[in-house]
Amino acid sequence: MSRADTFTRWGVISSGEGGGRIAAELLAREDNPGIDDRIALLNTNRADILNTIERASLEDTSEYTTVFGSKRGVGNNFIAGEQCAREDIDLIVGDIQERMTGADAFMHMTTLGGGTGNGSIPYLIEQLSGGADASNLRPWMDSVVHVALAAWPYYDEPAQRQFNAVMGLSRLLMKRNGEQNADMVLLASNSHLNDDGTQGSYDAVNDRIVAAIDLFISAGREARGVIDVEDYVAQPSNIGAYHFTPAVATGLNGRMLEYELMFDRAAEQTFVPMDVTTSRAAYAVVRAPEQLIESGDITETGVQSAFGEWKRDNDIGGAVGMTTLTPKQTRGNDVDVLVLLGGFDLNPLLDHSRDAFETHKQNVEAARQLGNAPDDSISEAHVADLSENLERYVSINAR
């Protein structure tokens, strides 16, 4: 087996307009090691998919895209988004199997405020990992790891979007019966990533998300002390702490800054509001110029030792996790650092949406009592199940 055969082979699956925007930013790069042409862009709206194709500069629309469901978009109704996926699950699974053959892991991309992606991605993950609706999965998919990248809506977006986000997070983390769904959920908050916290350009936010994904994937490439995707998911899942957020610092001077200061710089830039000291898992990826590694200025043992000390300094010395050192072919001393924090207290993020969540829930129930609720609105029992699941998960990780 060659060295290349040991690399993690990723497949990218996006659904909905927001997820498509993130995928387009990633796929528009000239080089996508680890992804190659394993791409599936899903939507219920053909116009949105064409926008994604244009953003990503992909040439053949039919080669990468799937339009599913009987509706031309579902608005912000995630229940309708899931129903559309149910309608065409065989089409979706068939296209994914054709495009993703040989993948070791899937990166599922969605935003949590809308309907198509927020509705379909949690359901699709459940089916691809052995759900009853996907009975013809090919054997190679049995060991695929499912990572979800989910973007939280801006805090000033309407109540329905905040409601959707809370319900979407619950569904990504757990199936309705309370079992784990995605192997790992990566969270990014639009408002937290945007400088002033209000709705603005998605491009700037998505650029930061893509930079984090690039570092995340690079850890499974040619590296010193490799963190592979199975390392990311094994221990956190065992302790019920499989939600994460990236913290990224790029362009650090590798000859001037100490390792721990690099980790501090990254941890100051988490992708959601959080308290680092509540983390139950912590991984670090350091990507440095090859010459700094060869000269001994940056070493695998140095990174590992310093990260352990950094964790102890932040009162998370017992957090599960690993480190890796990844070389990059570039001149200069610029070092990039990803600190991946998991199992942290989710309340600082959820607090931004709780009031709006309750407001929208009450509005739905009032409409139902008046007979004005649409047929594809979420039931009171379903809301209760998802809310209970999320509360239980949050309580496990609250500190």
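Me: Aspartate 315 lies in which loop, and between which helix and strand?
Reply: Aspartate 315 lies in the loop between helix H13 (300–313) and S9. Helices (H or I, at least four residues) and strands (E, at least two) are DSSP runs, numbered from the N terminus. Residues are numbered from 1 along each chain as its sequence is written, and side-chain values use heavy atoms, with hydrogens and water left out. Keep in mind that this is a predicted model: local features need pLDDT of at least 70, side-chain atom pairs count only at pLDDT 80 or more, and totals for chains, interfaces and linings use all residues.

Me: Is aspartate 315 buried or exposed?
Reply: Go by relative accessible area: buried is under 20%, exposed is over 50%, and partly exposed is in between (1.4 Å probe, protein chains only). Aspartate 315 has 54%, so it's exposed.

Me: How many residues of strand S5 are buried, and what about S4?
Reply: In a regular strand the side chains alternate between the two faces of the sheet. S5 (residues 145–152) has 8 of its 8 residues buried. Val145, Val147, Leu149 and Ala151 sit on one side of S5, with His146, Ala148, Ala150 and Trp152 on the other, and both faces are covered. S4 is mostly covered too, with 6 of its 7 residues buried.

Me: Which strands pair with S5?
Reply: Two strands pair if DSSP finds at least two bridges between them. S5 pairs with S4 (residues 105–111) over 7 bridges, in the parallel sense. Histidine 108 has alanine 148 as its bridge partner in S5. S5 also pairs in parallel with strand S6 (residues 184–189), over 6 bridges. There, alanine 148 stands opposite valine 185 in S6. Getting from S5 to S6, the chain goes through helix H7 (residues 159–173) in a right-handed β-α-β crossover (with the strands pointing away from the viewer, the path from the first strand over the helix to the second runs clockwise).

Me: What is the strand order of the sheet of 10 strands?
Reply: Walk across this open sheet and you get S3-S2-S1-S4-S5-S6-S7-S10-S8-S9, with mixed pairing. The edges are S3 (65–67) and S9 (323–328), each pairing on one side only. On average, neighbouring strands of this sheet are turned by 20 degrees against each other, direction ignored. S1 and S4 run parallel and share 5 bridges, with tryptophan 10 opposite alanine 105 in S4. Over at S8 (residues 281–289), 6 bridges join that strand to S9, again in parallel; valine 286 has leucine 325 of S9 as its bridge partner.

Me: Which strands does helix H9 lie across?
Reply: Axes are lines fitted to C-alpha atoms, for helices over the stretch in contact, and angles run from 0 to 180 degrees between N-to-C directions. Contact means heavy atoms within 4.5 Å. H9 (residues 202–218) lies across S1 (10–15), S4, S5, S6, S7 (243–253), S8, S9 and S10 (334–342), at about 90 degrees to S10. Helix H11 (residues 259–267) packs on the sheet as well, touching S7, S8 and S10, and its direction makes about 125 degrees with that of S7.

Me: What does isoleucine 209 touch?
Reply: Isoleucine 209 belongs to H9 and counts as buried because its relative accessibility is 2%. Leaving out residues up to four places away in sequence, isoleucine 209 touches Ile22, Leu149, Ala188, Leu193 and Phe271. Its C-alpha atom is 10.0 Å from that of alanine 247, a residue 38 positions away along the chain.
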